[in-house]
Amino acid sequence: MATAVIDAVSEGDVVVDFCSGGGHLGIILAYLLPRCHVVMVDNKEESVRNARRRVAQLMLNNVTIIQSNLDYFRGRFDLGVALHACGVATDLVLHTCLAQRAAFVICPCCYGNLAHPDLPVNYPQSELYCSRGIPTDDFSVLARMADHITPSGRLAMAAARGPKKHLKRLAAPKSWMLDKLGGVFAPRPSTGPHKLRESLPLVVFLRNRLKYALNNSEVTKIVMQRLIKVDGKVRTDSNYPAGFMDVITIDKTGEYFRLVYDVKGRFAIHRITAEEAKYKLCKVRRVQVGPKGIPFITTHDGRTIRYPDPLVKVNDTIQLDIETNKIMDFIKFDSGNLCMITGGRNLGRVGTIINRERHPGSFDIVHVKDALGHLFATRLNNVFIIGKGSKAYISLPRDKGVKLSIAEERNKRLAAKAAA
């Protein structure tokens, strides 16, 4: 790719490396083209910091590094470069180069999601697809299939016969906390409202966590007596996938549990009161209008609720009455509200939303501050609103969602030991 760029530029040209990352391509071009000026553009702070460090080590004086989104860049240039620009960023680079009447050398990446509402690019772009009248949703599916189907992928798709029925213990999610020497296999969750890696089978909950059973056979005997309820409904499948925010009820013992994460990313056995067990929080995934103009929303746990409040939007949280399946209240996705992180390396942390960075064609980033003032950032999809302002709508597990460093945990243990 560097050879193609060298063949296309002239002395004194300005070359822009879009989505430059740590400068793997831009730095090579700056080194090989000392009489040209190279501009590297990327929106990730860590990548920009690494690129600046590398440029300083090589003492290159023909490089400018800019931290910016693609659509915010307004500089003049003669040639645009993009290597594996993620999502639809490749098309954005093409539009930018055409607007500048500049040449371009581009190696595209996967397309992924084409349905982002803030994209300035309309799909499909091809005259052939436009003439066939293919709907946008169908074209999005075709783009995703083109991303994933390779010669080896076709072979794998042809080889699969029916649904998978087994799960190796080492492949089980770490949030289940299964010991790796306890056997070869782990219980595979049944299909249900939560994804496999975001759920906890009832057998793991009853046997491994609550210790109410010694083996799978005893768990089956418990659930077949119709003693276990998940969100108010009796579940007799020992592999039923309970997930985040689900309320598990055991009437015979008078116990109520809410499945939430602790700060180490594990499902916590969090006991709640009978009053709190009457409702749960659900994140809004989609807001649509169905047949006959009936509005509805879908939530993170697979629910479809008709006629919601018109103010409820995607990423907001609703407080749902479990018995009636009616919306009691809702919380907007706004700065200043309390949230819990449900994915990524900050899984289980609780904090207040500071701001949201929009990245058209990529992942929006949300900045959060916890109760101790620690700042961290995560993707928008990982943020689950749990309260208005600093008031949480649910009770929190032991550490209240505050993650301590290794040194802070040690000091806390020493202080507790000294006090005892």
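## A first look at this predicted model

Ile28 sits in helix α2, and that's a handy place to start. Keep in mind that this is a predicted model. The protein chain is built from ten helices and 23 strands, and 44% of its 420 residues count as buried. Here's a tour, from the overall picture down to single residues.

**The big picture**

- Along the principal axes, the C-alpha atoms of the protein chain fill a box of roughly 80 × 65 × 45 Å.
- The protein chain has about 23,600 Å² of accessible surface, and carbon and sulfur atoms account for 54% of that.
- Take the contacts between residues at least 6 apart in sequence: 53% of them join residues at least 24 apart.

**A nonpolar patch on the outside**

- Back to Ile28: together with Ile6, Tyr31 and Leu32, this residue forms a nonpolar patch on the surface.
- Which helix gives the most to the patch? That's helix α2, residues 26-32, with three residues.
- Ile28 counts as partly exposed because its relative accessibility is 41%, which falls between the 20% limit for buried and the 50% limit for exposed.

**Nonpolar cores on the inside**

- In soluble globular proteins, nonpolar side chains tend to be buried together.
- Here, the largest nonpolar core has 51 residues, and Leu206, Ile248 and Ile386 are the ones with the most contacts inside it.
- Helix α8 (residues 202-209) gives the most to this core, supplying five residues.
- What does Ile248 touch? Leaving aside residues up to four places away in sequence, its contacts include Leu202, Phe205, Ile228, Lys229, Val230 and Phe257.
- There's also a second, separate core of 21 residues, with Val5, Ile27, Cys36 and Met40 among them.

**Cysteines without partners**

- How many disulfides does a search of the whole structure find? The count is zero.
- Cys36 is in no disulfide, and the nearest cysteine sulfur, in Cys97, is 16 Å away.
- Cys36 is buried, as its relative accessible area is 6%.
- For Cys97, the closest cysteine sulfur is the one in Cys19, and at 11 Å that's too far for a bond, since a disulfide needs the two sulfur atoms within 2.5 Å.
- Cys97 counts as buried too, with a relative accessibility of 0%.

**Thr64 and its contacts**

- Thr64 is part of strand β3, which covers residues 63-67.
- Which residues does Thr64 touch, not counting those up to four places away in sequence? They are His37, Val38, Val39 and Met40.
- Thr64 and Val39 are 25 residues apart along the chain, yet 4.7 Å separates their C-alpha atoms.
- With a relative accessible area of 31%, Thr64 is partly exposed.
- Met40, one of the residues that Thr64 touches, also belongs to the second core.

**Salt bridges**

- Side chains of opposite charge can pair when their charged atoms come close.
- In this model the count comes to 20 salt bridges.
- One of them joins Lys229 and Asp251, at 3.2 Å from N to O.
- Lys229 is in strand β7 (residues 228-230) while Asp251 is in the loop between β10 (247-250) and β11 (255-261), so this pair ties together parts that are 22 residues apart in sequence.
- Both partners are partly exposed: Lys229 has a relative accessible area of 26%, and Asp251 has a relative accessibility of 45%.
- Lys229 turns up elsewhere in this tour as a contact of Ile248.
- Lys278 pairs with Glu275, their closest N and O atoms being 3.5 Å apart.
- Lys278 counts as partly exposed at 48% relative accessibility, whereas Glu275 is exposed at 54%.
- Asp364 and Arg356 form a salt bridge as well, at 2.9 Å from N to O.
- Is Asp364 buried or exposed? Asp364 is buried, because its relative accessible area is 6%, under the 20% limit.

Terms used. Residues are numbered from 1 along each chain as its sequence is written. This is a predicted model: local features need pLDDT of at least 70, side-chain atom pairs count only at pLDDT 80 or more; totals for chains, interfaces and linings use all residues. Side-chain values use heavy atoms; hydrogens and water are left out. Patches are made of residues with over 30% relative accessible area and no salt bridge: like charges are joined within 9 Å, nonpolar side chains (Val, Leu, Ile, Met, Phe, Trp, Tyr) within 5 Å. Accessible areas come from the Shrake-Rupley method with a 1.4 Å probe; for residues, only the protein chains shown count as cover. A salt bridge is a side-chain nitrogen of Lys or Arg within 4 Å of a carboxyl oxygen of Asp or Glu. Helices (H or I, at least four residues) and strands (E, at least two) are DSSP runs, numbered from the N terminus. Buried means under 20% relative accessible area, exposed over 50%, partly exposed in between (1.4 Å probe, protein chains only). A nonpolar core is a set of buried Ala, Val, Leu, Ile, Met, Phe, Trp, Tyr and Cys residues joined through side-chain atoms within 4.5 Å. Contact means heavy atoms within 4.5 Å.
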